[in-house]
Amino acid sequence: MITPSFGLTATERVLPTLALDFTTASLDPRITFTRSGDTATVINSSGVIVAVNANVPRFDYNPTTLICNGLLIEESRINELLNSLIDGTNLATQSVTVTAAARTLSFYGTGQVVLSGAHSATVTGTGAYPTRTTLTFTPASGTLTLTVTGTVQFAQLELGSFATSFIPTAGTSVTRNADVATMTGTNFSSWFNATEGAFAYTWQSNGQTNGSQRFGMTVSNGTANNRIRSFVNSSTTQVTTQVTSSGSTIASLNNTVNATPGVVNKTCLAYKLDSFASSSNASSPATDTSGAVPTGINQSIIGADVGSTGFLNGVMQKISYWPQRLTDNEVQAFSK
């Protein structure tokens, strides 16, 4: 139970019907988790990069403190470099065919990577693992040559404006598929109230790609026509709670604080007929006093939107749910 700094009320003394804590490195059995392919890695409880099999959730640890950060949820990415091995073998000089879109180069070590051809830059490593050096750049379309000297380990070149977890490769580029965590059927309906309720969740995102939104929580009827979703707005970097009923957006609540990548954030949102509220990081609640609660809600998606889009690209730490509409003060309290 979260104890807010504001005064406790009778509502706050009611235990949530859902209380998930992913920092315990365990997955509630009501959650269905999928990620196809044995191509993913994670930093484990010993602070080491290890491979993770298909459909196994990844609980990410801080490599220095060895504290569990939470459940890692990432979009699909491709490591375009060859022979970047999980055993820490140094990267070899190579050339990659690229398009004119933002890419991020990352590696561990004190060596140097000189980019030439489609882009010119010199990237010097700042230290051994767990110190990760990154460079985000937009090349021209063509051939990018990476000339390597010294220690360059766990190297990755991926399409996107920030680095994601390491994807080991051998003789070809490798795709890591997206992490998908859902709750459906009685695993969802056993705790969800269709007429009113409130969510609070603690999360950390590493960044967003190509202006896409980063979703924390979505509940829906399986379509975009009826859903309640909470996400980082791609244009303002503020958290937005959006309510869609019968295909129409009836509430769009923008919190007035920025959700900074790499920083832990807390969001709370509440819903009821003609009464919606949302707060992030103890901001003054954004509210809306008109509109119907979406009908037919029968599932939730953790760290993504309907159709498995808009991935969090970070870790979900905790999720709580109350089957009643918290007051505005309580919404603010549980986002602190």
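Helices and strands are here DSSP runs, numbered from the N terminus; a helix has at least four residues and a strand at least two. In that sense, the place of Pro130 is in strand β12, which covers residues 127-137. The model described here is predicted.

**The chain as a whole**

The secondary structure of the protein chain consists of two helices and 26 strands. The C-alpha trace spans about 65 × 40 × 35 Å along its principal axes. A compact globule of 336 residues would have a radius of gyration near 20 Å, and the 21 Å of the protein chain therefore agrees with that expectation.

Of the 336 residues in the protein chain, 51% are buried. The chain exposes about 13000 Å², and carbon and sulfur atoms supply 51% of this area. Among contacts between residues at least 6 apart in sequence, 67% join residues that are at least 24 apart. The protein chain carries 16 positive and 17 negative side chains, and the centres of these two sets lie 2 Å apart.

**Aromatic pairs**

The count of aromatic pairs comes to 15. In one of them, the rings of Tyr108 and Phe154 have centres 5.8 Å apart and planes at 85°; planes over 60 degrees apart count as edge-to-face, so this pair is edge-to-face. Tyr108 belongs to strand β9 (residues 103-109) and Phe154 to strand β14 (residues 153-159), so the pair ties together parts that are 46 residues apart in sequence. Both Tyr108 and Phe154 are buried. Elsewhere, ring pairs link Phe188, Trp191, Phe192, Phe199, Tyr271 and Tyr321 into a cluster.

A residue is buried when its relative accessible area is under 20%. Ala40 has a relative accessibility of 2% and therefore counts as buried; Val42 has 8% and is therefore buried too.

Not counting residues up to four places away in sequence, Ala40 touches Arg35, Val50, Ala51, Val52, Arg58 and Arg176. The C-alpha atoms of Ala40 and Asn177 are separated by 7.9 Å, although these residues are 137 apart along the chain. With neighbours within four places in sequence left aside, the contacts of Val42 include Val48, Ile49, Phe59, Asp60 and Leu72. Between Val42 and Leu85, 43 residues apart along the chain, the C-alpha separation is 14 Å.

**Backbone features**

Most residues other than glycine have a negative phi, and most peptide bonds are trans. Against this background, a cis peptide bond joins Tyr129 and Pro130, with omega at about 15°.

Terms used
Residues numbered from 1 in each chain as written. Predicted model: local features only at pLDDT ≥ 70, side-chain atom pairs only at ≥ 80, totals over all residues. Heavy atoms only, no water. Rg over C-alpha atoms; globule rule 2.2 N^0.38 Å. Buried < 20%, exposed > 50% of the residue type's maximum accessible area, 1.4 Å probe, protein only. Contact = heavy atoms within 4.5 Å. Areas by Shrake-Rupley, 256 points an atom, 1.4 Å probe, with all protein chains shown as cover. Lys, Arg positive; Asp, Glu negative; His and termini not counted. Charge placed at Lys NZ, Arg CZ, Asp CG, Glu CD. Phe/Tyr/Trp six-rings, centres within 6.5 Å; stacked < 30°, edge-to-face > 60°.
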